[in-house]
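I opened this structure for a first look. My notes follow in the order I made them.

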Amino acid sequence: RTVKSEAKYAKQTQINEQTWVDSLHLESELPGFYTRYLATVKQDIGVLVTFSINKDKYSLYQADAETMVSTLKVFRKPGGINAAPAGGNLFANTGIPANVETGSIFPGGAAAPTETTAQKSADSGDELPMGVLLLGVAVVGYLIWRRRQSGE
């Protein structure tokens with residue numbers, strides 16, 4: 001059966017000194033369930049957290065959900081794929097194939113956004129639109145995947 005998502009709220013909130021987009025929907029993923037979405041972007045890391053609670057049990061688990069949300073923290077692990085070799089390519093550690101001629105993974109050899117570009121974007125107050133865009137893309141992708149899985 002067709003289910004229509006009902007947005008209960010969407011707001012920008014601070015969690016552990018990080019700005020997040022926080023949204024609650026009824027029946028956005030599962031009939032009869034509330035799903036809460038939290039999305040943020042920090043430097044070059046995008047994070048989306050979702051959890052669903054049966055609408056009949058929502059008041060029972062709401063305090064537990066708030067406790068989980070209050071512990072969210074975005075950080076980069078030192079080393080691993082997060083660390084480029086001195087003067088080298090960050091993507092060399094990931095196994096992502098790069099264009100041999102340009103060293104870029106982007107079409108036409110375009111350069112990746114620099115930290116300066118990302119910082120300018122963050123400083124200009126673009127966090128909410130990027131978070132909303134990230135949330136929207138994730139929700140649409142998930143809904144398409146669910147529809148394909150159900151054979152519709």
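I began with the lining of the second largest pocket, where helix 3 (residues 127–149) gives the largest share, six residues. I note that the model is predicted.

Next I looked up the volume of the second largest pocket, and found about 510 Å³. The pocket is lined by 19 residues, and V3, S28, E29, L143 and R147 are the closest to its centre. I sorted the lining by class: seven residues are nonpolar, six polar and six charged.

I then picked out E29. I found E29 in the loop between strand 2 and strand 3 (33–42). Is E29 buried or exposed? Its relative accessibility is 16%, so E29 counts as buried, the cut-off being under 20%.

Which residues does E29 touch, leaving aside its neighbours within four places in sequence? I listed T35, Y37, T50, S52, Y142 and R146. With Y37 there is a polar contact, side chain to side chain, at 2.9 Å. I also checked E29 against L143: they lie 114 residues apart along the chain, yet their C-alpha atoms are separated by 7.3 Å.

Strand 1 (residues 6–15) and strand 2 (residues 18–26) run antiparallel, joined by nine bridges.

Note on methods:
Residues are numbered from 1 along each chain as its sequence is written. This is a predicted model: local features need pLDDT of at least 70, side-chain atom pairs count only at pLDDT 80 or more; totals for chains, interfaces and linings use all residues. Side-chain values use heavy atoms; hydrogens and water are left out. Two strands pair if DSSP finds at least two bridges between them. Helices (H or I, at least four residues) and strands (E, at least two) are DSSP runs, numbered from the N terminus. Buried means under 20% relative accessible area, exposed over 50%, partly exposed in between (1.4 Å probe, protein chains only). Contact means heavy atoms within 4.5 Å. A polar contact is a pair of N or O atoms within 3.5 Å; within protein, one must be able to donate a hydrogen and the other to accept it, and residues adjacent in sequence count only if both atoms are side-chain atoms. On a 1 Å grid over the protein atoms alone, a cavity is a set of points where a 1.4 Å probe fits but cannot get out, and a pocket is an open set with protein on both sides within 12 Å along at least five of seven lines; lining residues have an atom within 4 Å of a point. Grid points are joined across faces, edges and corners, and a volume is the space filled by probe spheres set on the points. Ala, Val, Leu, Ile, Met, Phe, Trp, Tyr, Cys and Pro count as nonpolar, Asp, Glu, Lys and Arg as charged, and the others, Gly among them, as polar.
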